[in-house]
Amino acid sequence: MKDQEEFYKKLKTQLQETSMWPAAYLYKFIVPTDTSKIRQIEQIFDNLGAVIQTKQSKNGKYTSVSINVRMKDPDDVIYKYKEIAANVEGVISL
């Protein structure tokens with residue numbers, strides 16, 4: 001848990017230093033190929049005008065989900081990462 005907080009703290013600093021907010025942000029996730037998990041991710045970004053692309057791995061076991069969306073500030077970006085981690089089992093954030 002401490003490592004995760006460190007990660008988010010570092011990410012927030014990087015986002016503040018590298019972008020003018022609001023800004024477009026590209027999320028990337030890997031999930032086991034399961035339409036309900038992919039749908040969960042899509043629903044978390046619903047009504048934000050997100051452009052969502054999915055691509056299955058070669059063997060079909062996993063699906064990468066890329067979400068390009070305009071976010072208000074670094075705190076919003078991190079909030080979505082935490083929301084995904086708390087609600088989508090087996091997700092890997094890249």
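Modeller: Asn-68 has its place in strand E3, where helices (H or I, at least four residues) and strands (E, at least two) are DSSP runs numbered from the N terminus. This is a predicted model, in which local features need pLDDT of at least 70 and side-chain atom pairs count only at pLDDT 80 or more, while totals for chains, interfaces and linings use all residues. Residues are numbered from 1 along each chain as its sequence is written, and side-chain values use heavy atoms, with hydrogens and water left out.

With a relative accessible area of 36%, Asn-68 is partly exposed; buried means under 20% relative accessible area, exposed over 50%, and partly exposed in between, with a 1.4 Å probe and protein chains only. Not counting residues up to four places away in sequence, Asn-68 touches Ala-24, Tyr-25, Leu-26, Gly-49, Ala-50 and Val-51, contact meaning heavy atoms within 4.5 Å. Of these, Ala-50 is 18 residues from Asn-68 in sequence, yet their C-alpha atoms are 5.6 Å apart in space.

Strand E3 covers residues 62-71 and also holds Ser-66, which counts as buried because its relative accessibility is 14%. Leaving aside neighbours within four places in sequence, Ser-66 is in contact with Leu-26, Tyr-27, Lys-28, Val-51, Ile-52 and Gln-53.

Pro-22 sits in the loop between H1 and strand E1 (23-32), and the peptide bond that joins Trp-21 to Pro-22 is cis, with omega near 0°. Asn-47 belongs to the loop between H2 and strand E2 (51-56); its phi is near 65°, a positive value in a residue other than glycine, and with a relative accessible area of 74% Asn-47 is exposed. As background, most residues other than glycine have a negative phi, and most peptide bonds are trans.

As for the helices, the axes of H1 (residues 2-18) and H3 come within 9 Å and cross at roughly 145°, the axes being lines fitted to C-alpha atoms, for helices over the stretch in contact, with angles from 0 to 180 degrees between N-to-C directions. The axes of H2 (residues 35-44) and H3 (residues 74-87) come within 10 Å and cross at roughly 150°, which makes H2 roughly antiparallel to H3, a term for angles over 145 degrees. Gln-40, Ile-41 and Ile-44 in H2 meet Lys-80, Glu-83, Ile-84 and Asn-87 in H3.

Over the whole protein chain there are three helices and four strands, and from the N terminus on the elements run α-β-α-β-β-α-β. The radius of gyration is 13 Å, close to the 12 Å that the globule rule gives for 94 residues, so the chain is as compact as a globular protein of that length; the radius is taken over C-alpha atoms, and the rule is 2.2 Å times the number of residues to the power 0.38. Of the 94 residues, 29% count as buried, and among contacts between residues at least 6 apart in sequence, 71% join residues at least 24 apart.

How values were computed: Parallel < 35°, antiparallel > 145°, perpendicular 65-115°, else oblique.
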